[in-house]
Amino acid sequence: MTYSPDDRILTHAHDDRLADAMARFYAETDEAIAAHKPVCINRGACCKFGSFGHKLYVTDVELAYFVRGQRGSWKAPDGEATCPFQVGGQCTAREHRPLGCRIFFCDPNAKDWQGPEYERLHARLMELGERFGVAYQYGEWLSALGRADVELNADATNGIDAAAGPMIG
């Protein structure tokens with residue numbers, strides 16, 4: 001399936017109620033994950049998808065929150081199979097990063113709880129999307145960022161700040 005966010009993502013990026021609900025969801029998510037005491041042993045290697053050998057997937061509700069949170073510091077994928085928000089082994093979008101980034105640890109002790117925890121939290125993301133009218137789509141992260149970048153650039157060309165709405169003047 002080709003991932004194709006459209007104006008809905010940018011529209012939902014403006015929804016303060018959705019942003020508040022997502023912030024609460026991620027705070028609860030981070031607390032649940034911390035209870036498992038995972039250890040990051042590769043310091044950002046997982047963000048280098050090509051060399052690490054995996055992909056990250058994201059829902060539209062997560063992408064809308066991410067777009068909103070990254071206004072003013074947006075980075076498009078550069079063609080490499082690496083998250084553009086990972087710089088020097090550090091996440092520069094930590095507060096708004098998607099569920100997969102939060103829950104994935106290459107710590108061998110995390111393997112038993114990651115799958116069930118992801119499924120439980122992913123179901124909650126689907127509920128949030130439904131509650132706020134965000135159509136469910138699930139797509140590969142770098143493709144989603146690339147498509148969002150096209151939408152953001154189109155809006156910038158038309159005088160629209162994707163996170164703030166149309167400019168006046």
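# Reading contacts and burial

Tutor: Let's open with Asp16, which is partly exposed, with a relative accessible area of 46%. The label follows from cut-offs: buried means under 20% relative accessible area, exposed over 50%, and partly exposed in between, using a 1.4 Å probe and protein chains only. Keep in mind that this is a predicted model, where local features need pLDDT of at least 70, side-chain atom pairs count only at pLDDT 80 or more, and totals for chains, interfaces and linings use all residues. Residues are numbered from 1 along each chain as its sequence is written, and side-chain values use heavy atoms, with hydrogens and water left out.

Student: Which residue forms a salt bridge with Asp16?

Tutor: The general rule is a side-chain nitrogen of Lys or Arg within 4 Å of a carboxyl oxygen of Asp or Glu. Here the partner is Arg68, and the closest N and O atoms are 2.6 Å apart. Arg68 sits in helix α4 (residues 60–69) and Asp16 in helix α2 (residues 16–34), so the pair ties together parts 52 residues apart in sequence. Helices here are DSSP runs (H or I, at least four residues), as are strands (E, at least two), numbered from the N terminus. As for cover, Arg68 counts as buried at 17% relative accessibility.

Student: How many salt bridges does that rule give?

Tutor: Four. Another of them joins Arg102 to Asp30, with the closest N and O atoms 2.8 Å apart. Arg102 belongs to helix α5 (residues 99–103) and Asp30 to helix α2, so this pair links parts 72 residues apart in sequence. Arg102 is buried, at 3% relative accessibility, while Asp30 is partly exposed at 30%.

Student: What do the buried residues of α6 pack against?

Tutor: Look for contacts, meaning heavy atoms within 4.5 Å. The buried residues of α6 pack against α2, β1 (57–59), α4, α5 and β4 (138–140). Among those buried residues are Trp113, Tyr118, Leu121 and Leu125. Met126, also in α6, is partly exposed at 38% relative accessibility.

Student: Last one: how many disulfides are there?

Tutor: A disulfide is a pair of cysteine sulfur atoms within 2.5 Å, and the count here is zero. The sulfur of Cys46 is 4.4 Å from the closest cysteine sulfur, in Cys47, too far for a bond. Cys101 is in no disulfide either, as the nearest cysteine sulfur, that of Cys83, is 6.1 Å away. Both Cys46, at 22% relative accessibility, and Cys101, at 30%, count as partly exposed.
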